[in-house]
Every structure is written in structure tokens, then in C-alpha cells.
Amino acid sequence: MNSKKIRPDNLKSKKNNLKKARKSYFMHIFIIVLIWVIICSAGFYSYYFKVPESLWEKFIPIPDGQKINVIIEPGMTAKQAARAFEINGALDNSTPSQLVYWLVKFGIDKKLRPGNYKVVPSSAWMLARQLRNLKPALEKAVIIPGLDFYAFSENLESQNFDVSNLKNIIRDDKNYPPEMLNILKKLPYDENLRITFLEPETYFLAERNLNELVKNSASNWWHHWKNFISEHNLTAEDIRKKSVIASMVEREVLFNDECARVAGVIYNRINSNMLLQIDATVVYAWRLTGRKLTRVLNKDLEINSPYNTYKNPGLPPGPICIPGFASWAAAFDPEANKYFYYVAGRDGHHYFAKNYNDHLKNIRQVKLDK
């Protein structure tokens, strides 16, 4: 049986190859460790010495995973927002103060808008990186002018609001600007009156919350009218009366350019001790009984109600709907005219008259147009 003999030179060569392989392996490990040391050192150095993140952020991507919702409410400071993220479980192995540091560092501490943020739970640095380019989801809510309290409630419910406590929310003083409360507290504690001080508008809320909606809309109303109220020294009672007039204008007028003129007619009739004879108040009177009118007939004018301005002199006891901006403007600053009558034409515009005979002519003209 023959056996191969191993030459000394072959054995030496194999030993050299093994040494080279070991050296290459350890060199490879060394290079990998060195790269990670450089990356970690860059992160550490950047954290404490503010080296531009762009040099190393690309090496560590933003995490991807199950997202959670965090509500940031209007008026929150960066510290309060950081606390909200912590409470909702969005901060991993980090403190709110660390998140505030990164919010300030990225320049978003004062730019963090209210809304619903969907984020992946992560460290303060990673979370701040998410927030840097993240837009919050907002809840859309619309307040429509011309709605009475019942229709207002129905409309909010159709927008998926919980209206079970709506009356108390409308009555809650905490939902109105402090200066505005000086007026409201002198008025009847009535939700039908208070809804007139909600500005009809489209609002974007951090969450679908009625308190937030009332706060935002009441604040808008006060912002628009506080200077006028102050400049004209209007009392709480003055404002209550104007809220009633604004609500009647809102329900009577289809086009904003006629609001001030119709308000002028109402003031003329009040100053002349004439019955207002506003159809919209009759509709509201029947509404309070549970009946909806789409058209006012002569028999409907017989309803026994303080809101029936065909029977009762002066203003009705309260507003009949939420007025829009143009209607409030008309109530505060009506057109100075000599009209006492108006009738709606086929297209919704009105014919105005200074006396009853001209009014009858306008009525005949409207019938001819139809």
C-alpha cells in the first residue's frame, strides 16, 4: 500500500495560508467594529457638540412599525406636548426633557401644531425626527348659520359628535373668552341665546370634541366683534337685542348684500311701534311645538306664542337661530333707509317699499313674476 509523503515546503505553505486567513478574518472583524465605533461616536458627538445630523442620520433610518395616536391640544407648550407623548407610550427609554431637547434642536418646539399624531414608539431623537416631517390629522367640523338649537344639535350629531351633553357644554362658562363672560353672565343662562355667539365657520380640531368646537367658535366671534362692542359702549342688553335682530335677518335674507337693508327695515318698524311681522319668527314658534313649516299660511299666523311677531309688538323674547357674520354686521350697523316693507321675489331677492300701497304693488309684481 502506497502513502503520499508530505513535503516540508507544502506544510510550510499551508501554515502561511492559515495565518493569512486568520489575519484577514480578524482584520474584517476589526473593520466592522471600527465602523460601528465611528457611527456611535458620531451620534454621541452630534448629540453633545451639535454636528450636523445630515452627516449620519442616513445611516440610522426612522423606525417602521405599529403606530399609536397622540393628541396634541391647542395651546400646548413643547414640555406639555412631550409629556403627552410619554403618557401615551410614544417614548421608549427616554424622558420628556430629552424629547424637548430634540424638538428645540430641530426647531419644531414652537411649530408643533395641534392635532392627532400617528407615530411609532421610539427614542426621543427618533420621535423628534418623525415629528419633524409629520403633519397632524385634524377633525373637520362645520357650524352652519341659520340653525336653531334643535337643528344645530342634529347637524352636530350627523358630524359624529356626541351631543348628549350639548346643553351643558353650551352653558359652560369655561368655553368662552374671559372678557366675553362679562357680557354673557349678565344675560339669561340659555343655550338658545348662547349659540348665537358661536361663529359659523369650518373648524379643524385636534379631536372631535364639542368643548373644543365651542371654545374655537366663541373665540372667533369675540375676536370679530369685541372692538365694535367696546367702541360703541354696548351693554349686555344691547347685545342681546342685536342677537335677536341678527337671527331674524339670518332667516329672512338669502343674499348677504341685503342684510343691512332688511335690518334697517326692522329697526324702522321698531322705532315706529309697528308689528315686525317676520315670517321666520312664526316658523320658529311652530318649531317649538314640534311642527316644521316650509311655507307660512294665513292660518299659521294665529299661533299663540311670544315669538309670533304678527301678534306681539317689539322683539321676540330671544334669538331664533345662529346668525352668520353678515347678519351680525347688519344688526350692529343697519342701513339707514326709509323702508318699512319687503317681499321676496322668485329668485330670493327682495322688493322694498316705503309705504303699504307700494308694498301691495310689489306683491302683485312678485305674483306676476311667478
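At what angle do helix α11 and α13 pack, and how far apart are their axes? Keep that in mind as we walk through this predicted model; the answer comes at the second stop.

**Start with the whole chain**

Show everything as a cartoon. The secondary structure comes to 14 helices and six strands. The chain has 370 residues, and 42% of them count as buried. Among contacts with a separation of 6 or more, 64% are accounted for by residues 24 or more positions apart.

**Next, select α11 and α13**

Select residues 259–271 for helix α11 and residues 325–332 for helix α13. Here is the answer to the opening question: the two helices pack at an angle of about 40°, and their axes are 8 Å apart. That angle makes α11 oblique to α13. The crossing of the pair is right-handed.

Now show the side chains where the helices touch. On the α11 side, pick Cys 259, Ala 260, Ala 263 and Tyr 267; on the α13 side, pick Ala 326, Ser 327, Ala 330 and Ala 331. What kinds of residue make up this contact of α11 with α13? They divide into seven nonpolar, one polar and no charged.

**Zoom in on Ser 327**

Stay in helix α13 and centre the view on Ser 327. Is Ser 327 buried or exposed? Its relative accessibility is 2%, so Ser 327 counts as buried, the cut-off being under 20%. To see what surrounds this residue, select Ala 246, Val 249, Glu 250 and Cys 259: Ser 327 is in contact with these once its neighbours within four places in sequence are left aside.

**Move on to the salt bridges**

Side chains of opposite charge can pair when their charged atoms come close. A search of the whole structure finds 12 salt bridges, and we will visit some of them.

Select residues 78–87, which form helix α2.

**Then visit helix α8**

Which salt bridge links Glu 191 to Arg 171, and what is the distance? Their side chains meet at 2.8 Å, N to O. Glu 191 lies in helix α8 (residues 191–194) and Arg 171 in helix α6 (residues 166–171), so the pair ties together parts that are 20 residues apart in sequence. Glu 191 is buried at 5% relative accessibility, while Arg 171 is partly exposed at 26%.

Staying in α8, select Arg 194 together with Asp 173. Their side chains meet in a salt bridge at 2.9 Å, N to O. Asp 173 lies in the loop between α6 and α7 (178–184) and Arg 194 in α8, so this pair ties together parts that are 21 residues apart in sequence. Arg 194 is buried, with a relative accessible area of 2%, whereas Asp 173, at 22%, counts as partly exposed.

Definitions and conventions. Residues are numbered from 1 along each chain as its sequence is written. This is a predicted model: local features need pLDDT of at least 70, side-chain atom pairs count only at pLDDT 80 or more; totals for chains, interfaces and linings use all residues. Side-chain values use heavy atoms; hydrogens and water are left out. Helices (H or I, at least four residues) and strands (E, at least two) are DSSP runs, numbered from the N terminus. Buried means under 20% relative accessible area, exposed over 50%, partly exposed in between (1.4 Å probe, protein chains only). Contact means heavy atoms within 4.5 Å. Axes are lines fitted to C-alpha atoms, for helices over the stretch in contact, and angles run from 0 to 180 degrees between N-to-C directions. Angles under 35 degrees count as roughly parallel, over 145 as roughly antiparallel, 65 to 115 as roughly perpendicular and the rest as oblique. A crossing is left-handed if the near helix is turned anticlockwise from the far one by less than a right angle, and right-handed if clockwise. Ala, Val, Leu, Ile, Met, Phe, Trp, Tyr, Cys and Pro count as nonpolar, Asp, Glu, Lys and Arg as charged, and the others, Gly among them, as polar. A salt bridge is a side-chain nitrogen of Lys or Arg within 4 Å of a carboxyl oxygen of Asp or Glu.
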